[in-house]
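Have a look around first, then take the points one at a time.

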Amino acid sequence: MNYIPNISFAIALFIGIGFFVMNVLKLVRNIKLGKEVDRSDRKTQRWKNMARVALGQSKMVSRPIAGFLHVIVYVGFIIINIEVLEIIIDGLFGTHRIFQPLLGNSIYGFLIGTFEILAFLVLVAVIIFWLRRNIVQIKRFMSKEMKGWPKSDGNLILYFEIVLMSLFILMNATDHSFQEAGFGNPISQFVAPWFSEYSLETLSSIEHIAWWAHIIGILIFLNYLYYSKHLHILLAFPNTYFANLQPKGQFNNLSSVTKEVRMMMDPDADPYAMPEEGLEEEIPEKFGASDVTDLNWVQLLNAYTCTECGRCTSSCPANMTGKELSPRAIMMKTRDRLEEVGRNIDTNKGAFKDDGKQLLNDYITPEELWACTSCNACVEECPIDIDPLSIIMDMRRFLVMEQSAAPQELNMMMTNIENNGAPWQYNQQDRLNWKDE
Amino acid sequence: MNVPTMAEMLSQGKSPEVLFWVGAAGSYDDRAKKITRAFVKLLHKANVDFAVLGTEESSTGDAAKRAGNEFLFQMQAISNIEILNSYEVKTIVCTDPHSFNTLKNEYPELGGNYKVYHHTQFIKKLVQEGRLDIKKSLKGKKVTYHDPCYLGRGNGVYESPRDIIRKLGVNLKEMKQHKNRALCCGAGGAQMFKDAEKGDKEINILRTEQALETNAEIIATGCPYCNTMMTDGVKFHEKESQIIVKDIAELIAEADNL
């Protein structure tokens, strides 16, 4: 017996999955470059949030057209992947449609028939997606951060899906015995006649090529994920699980600041106290974020999860009125910088070597940060609970607390709060004047 | 107006049911002071035992926090909490969603635990308890409601303001962006205190256009800053004769000729 196909298949599978696992490990390492933040609480609520938002796609459908099409692709993707299980077994053991005798013709036919219909629907949905991006030119796909690679990335993903779905149908259409049996081929039966002129041998070769191309395509696509915005198909799940569950209006209180403020306000504290003998003087923590490593790991996970759909940007009041800020660009720039830091670590044998760059200024400008109204529209819009606002706020904190680089009017506002307890220059003694006016 | 302070109450050995946190805008801004007084009239009408901090009140630090100055915020918060706790304050009501949000969500971790209401929630509660009734004085009038970000998206309060507006008998017209999809007025995140960054339009003007599209005669708000932004937007479009901007507290007080 000829074992070459089996062995080749096993090797392809091993390389494909092995390479993917390597990249996932790198991804996890990069995310762990972020600061600690505790999201281990309220597990039941977290599972529910993941079930509703990621699994249930509850936020996708707020925009009905894109939402509906996305649900088709999503359901199709998950269900058609059951077929991959059969492909792997067939490939490894040299069987042909191993589930057919096991499940019986009617169940098997029903399953494959369902896959075919879903594959066809996915094909249609993906073509509409392509039209929306390239012909209809929906505004949120045309923003300046979507030029170049992000645009090609979006299209490449669609081409991948078109090819994979077509190969699946083609594979079934050219499977002579499968077509003869006449079950489970609701779509491929219309494709099969295109090949009626071919000999059985040629048909069988086409089927083989389609089968191989399909599984190799899937393995390539799996490995493409790490390099693309498409990681959301995996990361949407942890991202929604670890999402912030507090009211959106609540911003975190920096505990490092609380420590200092309490010390400052403690009348018994000795401002000239020397650190105790034997204790190293504590290195003061950096306030706010100027680089990706100052952000927490959930914010970094957010950056990898973003699939650049742009719903955030299209609902951002600053962006809608022509300001430089785009919440999507905040996420994309955070990921770009994080990957740069990751590559730096790779080339320097595991230790980051200062490259004279940081997230602030080199990627995200103060102008973007100061355009935000903190209205939470971007956070509300994100179909998978990404929080661009928290990154904006952490970077503002760095600008103000480490660099005193707030816009002049804000400095005046803060001076007023310090001096007279109001953002304007009014005397605190006049606070109750309104009652007699 | 009779507005007792916590200090006066304490000297009489009394502790009021609720503290009215007036906020900087409500204390100093001429337009917002009208909202403050309207709300006090409602508190009087409903016989609410309340007090204010008066000259002991200071900025919540909210604007400083959103501007990125966590130090100043926590200084303000910790000293405010000291005062609030010394008066053993249990319940607070605010006419400003920004104070409401920070007192309710950001003060607890720093030692300030209070039951905090936005005034629209508090008015609704008074109505439910039968302590206040709302006259149907605006029957059929077209009114649109602008959701303040820190009340709506920030804290999920969408219905209380709408419930009490409807009690005025109005014809509530929603803007195309409303509730969790509402467009910001442009004042949040400390933008109130600075010029907008370079762009092609002011946010408040865009939001006012959405309000004008409803053909409403009144824009109802629940935030002194939104009120300013929307009022400016109406002026920009020279529509002052067609549409007015009022806080919900003002609409309800006026309904009763208070």
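1. Let's start in chain A, where helix 2 of chain A passes helix 10 of chain A in a right-handed crossing. (A crossing is right-handed if the near helix is turned clockwise from the far one by less than a right angle, and left-handed if anticlockwise; helices are DSSP runs of H or I with at least four residues, strands are runs of E with at least two, and both are numbered from the N terminus.) Keep in mind that this is a predicted model, where local features need pLDDT of at least 70, side-chain atom pairs count only at pLDDT 80 or more, and totals for chains, interfaces and linings use all residues. Residues are numbered from 1 along each chain as its sequence is written, while chains are lettered from A and ligands numbered from 1 in the order in which they are written.

2. How do those two helices sit? The axes of helix 2 (residues 43–55) and helix 10 (residues 232–241) of chain A come within 8 Å and cross at roughly 140 degrees. (Axes are lines fitted to C-alpha atoms over the stretch in contact, and angles run from 0 to 180 degrees between N-to-C directions.) That makes helix 2 of chain A and helix 10 of chain A oblique to each other, the label left over once angles under 35 degrees are called roughly parallel, over 145 roughly antiparallel and 65 to 115 roughly perpendicular.

3. Now for who touches whom: A:R46, A:N49, A:M50, A:V53 and A:A54 in helix 2 of chain A meet A:A236, A:F237, A:T240 and A:Y241 in helix 10 of chain A. (Contact means C-beta atoms, placed from the backbone, within 7 Å.) By class, this contact has six nonpolar, two polar and one charged residues. (Nonpolar covers Ala, Val, Leu, Ile, Met, Phe, Trp, Tyr, Cys and Pro; charged covers Asp, Glu, Lys and Arg; the others, Gly among them, are polar.)

4. Which residues of helix 2 of chain A are buried? They are A:M50, A:V53 and A:A54. (Buried means 20 or more other C-beta atoms within 10 Å, exposed means 12 or fewer, and partly exposed is in between.) Down the axis of helix 2 of chain A, its buried residues fall within an arc of 95 degrees, so they line one face; the arc is that of the directions from the axis to the C-beta atoms. An α-helix has 3.6 residues a turn, so residues three or four places apart point the same way. The buried residues of helix 2 of chain A pack against helix 10 of chain A, and the face turned away carries the exposed A:T44 and A:Q45.

5. Chain B has a helix pair to set beside that one. Helix 7 (residues 119–128) and helix 8 (residues 159–166) of chain B pack at about 55 degrees, with axes 8 Å apart, so helix 7 and helix 8 of chain B are oblique too. Here the crossing of helix 7 of chain B past helix 8 of chain B is left-handed.

6. Check the backbone at A:N361, which has a positive phi of about 75 degrees although it is not a glycine. A:N361 is exposed, with 10 other C-beta atoms within 10 Å.

7. Last, the two chains meet: 59 residues from chain B and 55 residues from chain A take part in the contact. Helix 5 of chain B gives the largest share of chain B's side, seven residues.
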